Amino acid sequence: MRALSEKRLSDYMAQQIADEILSGRIAGGTQLKQEELAEMFGTSRIPIREAFQVLEGQGLIVRLATRRIYAVELSEEQIQIIYEMIGDILKKAVKNLENEDKVKEAIMILSSSLSTSKRFDEVVLECTDNAYFSKLLYTASECYIRFAVSCGANEKESKCREEMKQIILEENGANLDSISGRKKIFKKIDAWMKALADNVNAERGKNK
């Protein structure tokens, strides 16, 4: 039970530190010290040390040969590129749902009363059985997409999510099996990623 509790705390710490870096409240190039962050968040050094491992995998910190750890430098252009890359991952994961059973599973989730609480990427992640896509999409979903959505209400971003849902629901998922249907979904994914990147850059602009 103790190991599970610490794991959950380290994940929470990773999320909190990731939000500080993505928002610009921790500036790029800032050296991150376990002692200072542990004091800041009122925890021990152990979950902070474990959080650093998660953040390194997410590309938000760099660990030098000297063992010093720094927050990465992120420009507006880099933020745009990051979300474009996430869009490419999401599109490949959607294409991977060509299996009939997976399409039905996605439709069942999107059609349920609980679908409003799930983002499009979360539905795709839940239906993806490809381990490689799952790992990449999980990182993108839990870190970058989650943060961008949390930045605040954005009519364009919300509209993109609803339109993607409706495209899949059209003709009971036939759009996932057709080239033209997937092109429509991919176009909306590109628009959604652009809106998310704009959210993040706007938030970073407030914190300069």
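Modeller: A residue is called buried when its relative accessible area is under 20%, exposed when it is over 50%, and partly exposed in between (1.4 Å probe, protein chains only). The structure shown above is a predicted model, in which local features need pLDDT of at least 70 and side-chain atom pairs count only at pLDDT 80 or more, while totals for chains, interfaces and linings use all residues. Residues are numbered from 1 along each chain as its sequence is written, and side-chain values use heavy atoms, without hydrogens or water.

Colleague: Why is Gln-58 called buried?

Modeller: The relative accessible area of Gln-58 is 15%. This value lies under the limit for a buried residue, so Gln-58 is classed as buried. Gln-58 belongs to helix α3, which covers residues 45–58. If residues up to four places away in sequence are set aside, Gln-58 touches Ala-18, Thr-139, Cys-143 and Tyr-144, where contact means heavy atoms within 4.5 Å.

Colleague: What makes Arg-67 exposed?

Modeller: The relative accessibility of Arg-67 is 73%. That value is over the limit for an exposed residue, and Arg-67 therefore counts as exposed. Arg-67 sits in the loop between β2 (61–63) and β3 (69–71). Its phi is positive, at about 80°, although Arg-67 is not a glycine.

Colleague: How many helices and strands does the protein have?

Modeller: There are 10 helices and 3 strands. Helices (H or I, at least four residues) and strands (E, at least two) are DSSP runs, numbered from the N terminus. Along the sequence, the pattern reads α-β-α-α-β-β-α-α-α-α-α-α-α. Of the 208 residues in the protein, 44% are buried.

Colleague: Why do Met-13 and Pro-47 both count as buried?

Modeller: Met-13 has a relative accessible area of 3%, and Pro-47 has a relative accessibility of 4%. Both values fall under the limit, so both residues are buried. Met-13 is placed in helix α1 (residues 2–23), whereas Pro-47 lies in helix α3. The two residues are 34 residues apart along the chain, yet their C-alpha atoms are separated by 6.9 Å. Leaving out residues up to four places away in sequence, Met-13 touches Phe-41, Thr-43, Pro-47, Ile-48 and Ala-51.

Colleague: What describes the packing of α2 against α3?

Modeller: Two packed helices are described by the angle between their axes and the distance between the axes. For α2 and α3, the angle is about 115° and the axes are 9 Å apart. Axes are lines fitted to C-alpha atoms, for helices over the stretch in contact, and angles run from 0 to 180 degrees between N-to-C directions. The contact is made by Gln-34, Glu-35, Leu-37, Ala-38 and Phe-41 of α2 together with Arg-45, Ile-48, Arg-49 and Phe-52 of α3. By class, this contact has 5 nonpolar, 1 polar and 3 charged residues.

Colleague: Why are α6 and α7 called roughly antiparallel?

Modeller: Helix α6 (residues 120–127) and helix α7 (residues 131–150) pack at an angle of about 155°, with their axes 10 Å apart. Angles under 35 degrees count as roughly parallel, over 145 as roughly antiparallel, 65 to 115 as roughly perpendicular and the rest as oblique. The angle of about 155° is over 145, so the two helices are roughly antiparallel. In their contact, Asp-121, Glu-122, Val-124 and Leu-125 of α6 meet Ser-134, Leu-137, Tyr-138, Ser-141 and Ile-145 of α7.

Colleague: What makes α6 a mostly covered helix?

Modeller: Of the 8 residues of α6, 6 are buried. They are Phe-120, Asp-121, Val-123, Val-124, Leu-125 and Cys-127.

Technical notes. Ala, Val, Leu, Ile, Met, Phe, Trp, Tyr, Cys and Pro count as nonpolar, Asp, Glu, Lys and Arg as charged, and the others, Gly among them, as polar.
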